[in-house]
Amino acid sequence: MNELSPQAKPDQPAAIRYVAIGDSFTEGVGDEQPDGSVRGWADLVAQGLADATGQPVQYANLAIRGRLLARIISEQLQPALDLGPTIVTFNGGGNDMLRPGTDIGWIAAETALSLQRIREAGAEPILLSGANPTAGLPSGGRVAAKGDALVQTAGALADRLGIRFADNWSDPELTARQYWSQDRLHLSPVGHHRVASNVLRTLGHTHPEDWNIDAAPLPLPTRREQLAYTREHVLPWVKRRLTGRSSGDGRSAKFAEFTWVLPRG
């Protein structure tokens, strides 16, 4: 991400002040950088907005991996609004779907209240659905049914409230293996670029020409690869669930305050 130096920060707020809240999807897990940090679709959207408008953008990302919807709302929403954003992207409920007893009605009601709070604070809420990972997950069919119901509910909610909705779940290309990282639960770098392109299109912009949003198909995993996947990713995930731990324990937001993003070229 192309950031301004502290000495070059303008005296006035940017016309676009973008804050992203959510879980690992929004944090950017799967799009790891050489220094060990993660980038992800929200960082890319900030850069895409700067490139499309030719103006610096202020950007914050409060998302933390592993967060359930209740904690996203209780821990991230008010700090996001306190920054004085003009745009807030909202995504949550993905981790709720992975647990038994998912209450779609509760998720929809809490999402509606959050979107209304964003609007009342003077910002435009943008609702997102996550991409659909279930083709590669154990017992993915049960999660897919929940996701289908949640996305249908989210679309109806967006229509009722008159807000923009970036429906990544219904992007058929994003269901393919090549758009997912080795854990099959988080997007790969090209998957994050494709989601960022979907979000920019929802905002009325095209993605930068130098982005790659399409990937060549990958073969089905071999038996050995499947066993390695279970050992390296599924079993640790089950262990965290059984012990009440989260991948986000001890983590803080990567951009808790606004950072400046310059247009390129």
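Helix α5 crosses α6 in a right-handed way, meaning that the near helix is turned clockwise from the far one, where a left-handed crossing has it anticlockwise by less than a right angle. Everything here comes from a predicted model, where local features need pLDDT of at least 70, side-chain atom pairs count only at pLDDT 80 or more, and totals for chains, interfaces and linings use all residues. Residues are numbered from 1 along each chain as its sequence is written, and side-chain values use heavy atoms, with hydrogens and water left out.

**Helix packing**
- α5 (residues 104-120) and α6 pack at about 35°, with axes 10 Å apart; axes are lines fitted to C-alpha atoms, for helices over the stretch in contact, and angles run from 0 to 180 degrees between N-to-C directions.
- Helices (H or I, at least four residues) and strands (E, at least two) are DSSP runs, numbered from the N terminus.
- On the α5 side the meeting residues include I104, I107, A108 and L115, and on the α6 side they include A149, L150, T153 and L157; contact here means heavy atoms within 4.5 Å.
- α6 (residues 140-161) also lies across β4 and β5, running at about 160° to β5.

**The sheet**
- Six strands make an open sheet with mixed pairing, in the order β5-β4-β3-β1-β2-β6; two strands pair if DSSP finds at least two bridges between them.
- β5 (164-167) and β6 sit at the edges with a single partner strand each, so one side of each has no neighbour in the sheet.
- On average, neighbouring strands are turned by 20° against each other, direction ignored.
- β2 and β6 pair antiparallel over 4 bridges, and Q58 has W260 in β6 as its bridge partner.

**Nonpolar cores**
- The largest nonpolar core has 32 residues, with Y18, W41, V45 and V199 touching the most other members; such a core is a set of buried Ala, Val, Leu, Ile, Met, Phe, Trp, Tyr and Cys residues joined through side-chain atoms within 4.5 Å.
- α2 gives the largest share of this core, 7 residues.
- Leaving out residues up to four places away in sequence, V45 touches Y18, A196, V199, L200 and L203.
- A second, separate core of 30 residues includes L62, L69, L77 and F165.

**Around N132**
- N132 is in the loop between β4 and α6.
- N132 counts as buried because its relative accessibility is 11%, and buried means under 20% relative accessible area, exposed over 50%, partly exposed in between (1.4 Å probe, protein chains only).
- Beyond residues up to four places away in sequence, N132 touches W169, L174, T175 and W180.
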